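Visitor: I am new to this structure and would like to be walked through it. Could we begin with how some of the helices are arranged?

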Amino acid sequence: MTPQKELLANKVAIITGAGRGIGKATAKLFARAGAAVVLASRTPAEITAVAEEIKADGGQALAIPTDVTNQNSIDQLMMLSLRAFRHVDILVNNAAIIHPVGRVWEVDPVAWEHLIRTNFIGAFLCARAILPHMLDRGDGHIINVTSGAAYSDIVGMSAYCASKAALDRFTTILAQEVAHTNIVVCGMSPGATDTPMQTEIRNTSKNALPLVDYFRQRFEEGSLTSPEEAARLNLWLAIRNDQNGVIAPISDKSIRDELAKLPL
Ligand SMILES: NC(=O)c1ccc[n+]([C@@H]2O[C@H](COP(=O)([O-])OP(=O)(O)OC[C@H]3O[C@@H](n4cnc5c(N)ncnc54)[C@H](OP(=O)(O)O)[C@@H]3O)[C@@H](O)[C@H]2O)c1
């Protein structure tokens with residue numbers, strides 16, 4: 001076995017939102033590190049294509065169409081993952097949406113609530129669904145993909161910022177609740193990353209999102225995080241046992257120095 005493949009050898013990882021962006025890059029990297037990966041999102045064609053890519057590269061992957069806002073869909077995800085691989089070691093709660101963007105009095109309340117359900121409640125439901133299994137084994141990693149938006153006042157993004165702030169608090173509290181076990185619950189904050197979500201942000205009107213020029217400029221100057229770099233931070237968190245309760249930002253230089261040491 002190559003040193004890379006040893007990093008996550010015999011591990012099984014569920015990654016939500018694995019059809020594109022950071023989730024896709026994470027699935028591919030985890031598979032290269034030796035994990036069997038379960039790809040979960042709402043668009044079967046995207047997760048199936050990623051799974052095929054991973055298998056063509058010699059990895060193990062299973063695509064399970066999933067909507068993280070739906071309890072039955074999550075139950076099915078956990079059941080099929082356990083049936084296929086017998087255990088689940090890592091859950092990456094990565095699935096998220098960015099819209100609605102706009103002032104509070106202008107946005108559709110149903111869409112606002114749907115964002116909270118996707119980005120925050122979805123992570124809670126997925127964690128809650130896999131925790132009995134992890135508690136039985138006394139081991140596991142739950143990585144919640146959060147954002148600097150958790151502590152930034154981005155006008156027009158009340159739903160997204162609120163969802164990530166809630167996710168941060170959920171992460172640190174759950175970490176304390178499992179502190180008597182070897183389960184690690186942590187957050188990963190990738191910074192503005194070059195994914196389809198950023199394209200959606202750049203395509204938003206300045207009226208809805210006054211800060212849109214900042215995001216357009218970050219893209220034009222090439223200073224966005226790459227999905228692959230964000231995936232490396234997920235990998236770094238997944239192989240460490242000393243990050244319980246930590247929200248790890250990619251902007252932290254000491255973290256970037258650690259990532260440079262990874263053999264992948
Ligand atoms: N990109 C950035 O600048 C940035 C910055 C900070 C944090 N983040 C965070 O990083 C994570 C990944 O973002 P990204 O930029 O890679 O996003 P992305 O390119 O928009 O991809 C999002 C993924 O989530 C899935 N998804 C959305 N709703 C879902 C649902 N209800 N059930 C299951 N899957 C669902 C999407 O697939 P379907 O639509 O097919 O379901 C897609 O695979 C998110 O948590 C995001 O908040 C991103």
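Visitor: How are α9 and α10 oriented to each other, roughly parallel or roughly perpendicular?

Guide: In this predicted model, the axes of helix α9 (residues 227-238) and helix α10 (residues 253-260) cross at roughly 85°. An angle of 65 to 115 degrees counts as roughly perpendicular, and α9 and α10 are therefore roughly perpendicular to each other.

Visitor: Within what distance do the axes of α9 and α10 come?

Guide: The two axes come within 10 Å.

Visitor: And which residues make that contact?

Guide: Helix α9 contributes Arg232, Leu233 and Trp236, while Ile255, Glu258 and Leu259 come from α10. Of the residues in the contact of α9 with α10, four are nonpolar, two are charged and none is polar.

Visitor: Let us turn to another pair. At what angle do α5 and α6 cross?

Guide: The axes of helix α5 (residues 109-137) and helix α6 (residues 158-177) cross at roughly 15° and come within 8 Å. Angles under 35 degrees count as roughly parallel, so α5 is roughly parallel to α6.

Visitor: Is that crossing left-handed or right-handed?

Guide: The crossing of α5 and α6 is right-handed. On the α5 side, the contact residues include Trp112, Phe120 and Phe124; on the α6 side, they include Tyr160, Lys164 and Phe170.

Visitor: What kinds of residue meet there?

Guide: The contact of α5 with α6 has 14 nonpolar residues, two polar and one charged.

Visitor: Now the ligand. How many residues surround the ligand?

Guide: There are 29 residues around the ligand, and the closest are Gly17, Gly21, Arg42, Thr43 and Met197. The elements giving two or more residues to this shell are α2 (21-32) and α7 (196-202).

Visitor: How do the residues of that shell divide?

Guide: The shell around the ligand divides into 15 polar residues, ten nonpolar and four charged.

Visitor: One last residue, then. Where is Gly23 found, and is Gly23 buried or exposed?

Guide: Gly23 lies in helix α2. A residue counts as buried if 20 or more other C-beta atoms lie within 10 Å of its own; Gly23 has 30 within 10 Å, so Gly23 is buried.

Visitor: What does Gly23 touch?

Guide: Not counting residues up to four places away in sequence, Gly23 touches Ile15, Thr16, Gly17, Ala18 and Asn94.

Visitor: And how many residues apart in sequence are Gly23 and Val185?

Guide: Gly23 and Val185 are 162 residues apart in sequence, and in space they are 18 Å apart, C-alpha to C-alpha.

Note on methods: Residues are numbered from 1 along each chain as its sequence is written. This is a predicted model: local features need pLDDT of at least 70, side-chain atom pairs count only at pLDDT 80 or more; totals for chains, interfaces and linings use all residues. Axes are lines fitted to C-alpha atoms, for helices over the stretch in contact, and angles run from 0 to 180 degrees between N-to-C directions. Helices (H or I, at least four residues) and strands (E, at least two) are DSSP runs, numbered from the N terminus. Angles under 35 degrees count as roughly parallel, over 145 as roughly antiparallel, 65 to 115 as roughly perpendicular and the rest as oblique. A crossing is left-handed if the near helix is turned anticlockwise from the far one by less than a right angle, and right-handed if clockwise. Two residues are in contact if their C-beta atoms, placed from the backbone, lie within 7 Å. Ala, Val, Leu, Ile, Met, Phe, Trp, Tyr, Cys and Pro count as nonpolar, Asp, Glu, Lys and Arg as charged, and the others, Gly among them, as polar. A residue is near a molecule or strand if its C-beta atom, placed from the backbone, lies within 6 Å of it. A residue is buried if 20 or more other C-beta atoms lie within 10 Å of its own, exposed if 12 or fewer, and partly exposed in between; C-beta atoms are placed from the backbone.
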